[in-house]
Each structure stands twice: as C-alpha cells, then as structure tokens.
Amino acid sequence: MQTIEYQEPIIQIKNLTKKFGEHTILDGLSFDIYKNKITTILGFSGAGKSTLLKHILGLLRPTEGSITVLGKDLNKMSEVELKEFRRNFGMLFQYAALFDSLSAYENVEFPLNEFTKLTEYEKKERVEGLLRSVGIKDESFKKLPSELSGGMRKRVGLARGLALNPFIMLYDEPTTGLDPITTKMVNDLIIDTAERNKDRGMTTLIISHDVRATLKISDFVAFLDHGKIVEYLPAEDFKNSDNPLVKEFVNL
Ligand SMILES: Nc1ncnc2c1ncn2[C@@H]1O[C@H](COP(=O)(O)OP(=O)(O)OP(=O)(O)O)[C@@H](O)[C@H]1O
Ligand SMILES: [Mg+2]
C-alpha cells in the first residue's frame, strides 16, 4: 500500500475489532479520516461499512480498539455524553429519512428546536437560508415529503443534516437507487456543501458502492474488505491500485 502525505486527522481508528457472537465483522482495523477532506469508504455488500459508521457515531461499542473523534475517545464517553456528542455529526441517510408529517421547513427546524435556544426569528433565518442553499425554492417550504421528488427530499435531508453546523457530514449510500440525473445532482450537492463549509473546517465522510461518483467527488478513497481497510489512497491514485480486489471493484 502507498502512504498518504501528512494530513490532520479528525477521526482516528485504532485496532478496531467488532464481533457479533462468533462473527468478526471489523478485524483490527486502523485508519484516520482527515479534516476538511471528502473521504469515501467503498466495499462490497456485507464488508462492514455500516457497522464501521455506527462505531464512528458511537452507536455501537467496539469489542476491541478505539475510535477518537475530534480528539475525544468514544470508549470513555457515557451514553448521555455520546448523545450530546452526536451534534458534531450531520447525517444524510439513503432515503433521506424525513419526518413524513412535517413540512420541508419543519423538518429542517426540528434539530434547532431539539438542540438550540434560537429565537423564532433566528430559526426562520437559519431554516430558510439552509433550504435555499440546497436549492429548495420558497414555494416548496411548506410541502410535505410526499409532495417532493426524490431529489428534493435529499436536498431537504441535507439541509436538516447541516442545521447544527456539524463538523463531520456523513452520507450513507447517498446515490444508491437514484436515476442518473438525480445522482449527478446529489453528487454536485455533496461537493458544493463541502466547499461552502470548508472555511469552518467541515469534513465529509461517504459510504458508497458507486465507484465512478466516488472517484469524481472524493479526495481520498478507502476500500473495506472483510473488516479491514485494504487500500487507502488519494482518489486519483485509487483507480490505479494494484490490489486485486480493488481492481475487480473498480472494473465492475
Ligand atoms: N447487529 C448485528 N448483529 C449481527 N450481525 C450483524 C449486525 N450488524 C451487522 N451484522 C453483520 O455484519 C456484516 C457487515 O454488515 P454491514 O451492514 O456493516 O455491511 P455493509 O458493508 O454496510 O453492507 P451493505 O453494502 O450491504 O450495506 C454482515 O454480515 C451483517 O450480517
Ligand atoms: Mg451498509
């Protein structure tokens, strides 16, 4: 494996092992995710990508090893501390996971009501700004998720994910199951969001199957196989990896 020149880590994973009963899902995995960059973790179905993401969020505890996020060792945090700590993360799920009974506006307002003491006026400024920044027009603010297209739901989900100014924005399979036009839109939105939040040091972490999009939008690409990171390179070098598994995946 080639090595990456020095980058400032924001997530540090050391010897992470996770066993479910007899099954070792993550197998002594070590790697860092770098501040201010877009990193994508690729891997075949069942490789352990979602399991890894859950550890980074502190939703699962390691069997062995440690995860340090923003300098904090998650093993040393209580459930209550972890819940609070998760404010540092924004998350866009595969199906956007909006609240069906809330409008686009109310979906984005939700985390602000939960976690902040902003005034009504401050909230309005923030929600409208976020919705506009992801390309939602004012006339759609009051629409319910069922009245929005798949692409627009993603936009609203992203606005909600950004509501608390997260340090780390996570995307789980952001383009899986989308048509090519919407896929391009979501990829552009990811890059645009990373750019717009660069000044405040936001990091982007993506989990994906989509090799072509990954190579286009990422700074770094990691390949997870059988619970280990078997390749980790700048995107432009990744497609030339001589790891046979990576070659197979890239050429699928
Ligand atoms: N809570 C659990 N208990 C037992 N086994 C689990 C649990 N969660 C995940 N696994 C197993 O761990 C393995 C990795 O699952 P994971 O969901 O992390 O894979 P993945 O890489 O995200 O796959 P996909 O691309 O299909 O989403 C699978 O074999 C899965 O069955
Ligand atoms: Mg998964």
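Colleague: What percentage of the 252 residues in the chain is buried?

Modeller: Buried residues account for 34% of the 252, where buried means that 20 or more other C-beta atoms, placed from the backbone, lie within 10 Å of the residue's own. This is a predicted model, in which local features need pLDDT of at least 70 and side-chain atom pairs count only at pLDDT 80 or more, while totals for chains, interfaces and linings use all residues. Residues are numbered from 1 along each chain as its sequence is written, with chains lettered from A and ligands numbered from 1 in the order in which they are written.

Colleague: Which strands make up the open sheet of four?

Modeller: The order is S2-S1-S4-S5, with antiparallel pairing; strands are DSSP runs of E, at least two residues long, numbered from the N terminus, and two of them pair if DSSP finds at least two bridges between them.

Colleague: Why do S2 and S5 each have one side without a neighbour in the sheet?

Modeller: S2 (23-34) and S5 (72-73) stand at the edges, so each has a single partner strand.

Colleague: And how many bridges join S1 to S4?

Modeller: Five bridges join S1 (residues 9-20) to S4 (residues 64-69). Threonine 17 has glutamate 64 as its bridge partner in S4.

Colleague: Turning to ligand 1, what gives the most to its shell?

Modeller: H1 does, with three residues; helices are DSSP runs of H or I, at least four residues long. The residues around the ligand, with C-beta atoms placed from the backbone within 6 Å of it, include Phe20, Ile25, Lys49, Ser50 and Thr51.

Definitions and conventions:
Buried ≥ 20, exposed ≤ 12 C-beta atoms within 10 Å, placed from the backbone.
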